[in-house]
Amino acid sequence: MSGAERQPLGIDELLERVRTGYRRVEAQEAHDAARAGEALLVDIRYAALRERDGLIPGALVIERNELEWRLDPQGSHKTPEATGHDLRIVVICNEGYASSLAAASLHQLGLHRATDLIGGFQAWKAAGLPVTR
């Protein structure tokens, strides 16, 4: 570093930066894409939130700490749904923050169509989209 040291990157700036790398989606768009078979919804919320608020029908549940291992099409621990790098994945967390970082991580694995849901599960629920208990 020449001269002054760089300041650490804060989380708000990091979120802003990673979100410029892809187009985030609204709840209705995610719902429509999943129903049309054009996107895989991936719920990364932890168990207590899923138990409290319910599940999105048809969403694949993969907790955040397993996400990259389960969705990497080249990985030895991949889920059957991890069919290739062109898979459109919509990552869903509770409010749309952790999912942004998760989508950026999937991009680093070559999953170039990964995105996240603006507002997360709470936005899905507020839009009146299907939720099961």
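Predicted model: local features only at pLDDT ≥ 70, side-chain atom pairs only at ≥ 80, totals over all residues.
Colleague: Why is V61 called partly exposed?

Modeller: Its relative accessible area is 36%. Buried requires a value under 20% and exposed a value over 50%, so V61, at 36%, is partly exposed.

Colleague: What makes β2 and β4 edge strands of the sheet?

Modeller: The open sheet consists of 4 strands in the order β2-β1-β3-β4, with parallel pairing. β2 (60–61) and β4 (115–116) each have a single partner strand, so one side of each lacks a neighbour in the sheet.

Colleague: How do you know that β3 and β4 pair?

Modeller: Pairing calls for at least two bridges. Strand β3 (residues 89–92) is joined to β4 by 2 bridges, so the two strands count as paired, and they run parallel. V91 has D116 in β4 as its bridge partner. Helix α5 (residues 98–108) packs on the sheet and touches both β3 and β4.

Colleague: Why is T115 called buried?

Modeller: T115, which lies in strand β4, has a relative accessible area of 3%. The limit for buried is under 20%, so T115 qualifies.

Colleague: What makes the approach of R23 to T115 a polar contact?

Modeller: The backbone oxygen of R23 lies 2.6 Å from a polar atom of the T115 side chain, and the distance limit for such a contact is within 3.5 Å. R23 is also among the residues that T115 touches, as are V91 and A103.

Note on methods
Residues numbered from 1 in each chain as written. Heavy atoms only, no water. Contact = heavy atoms within 4.5 Å. Axes fitted to C-alpha atoms, helices over the stretch in contact; angles between N-to-C directions. Buried < 20%, exposed > 50% of the residue type's maximum accessible area, 1.4 Å probe, protein only. Polar contact = N/O pair within 3.5 Å; in protein donor to acceptor, adjacent residues only side chain to side chain. Lists of a residue's contacts leave out its neighbours within four places in sequence.
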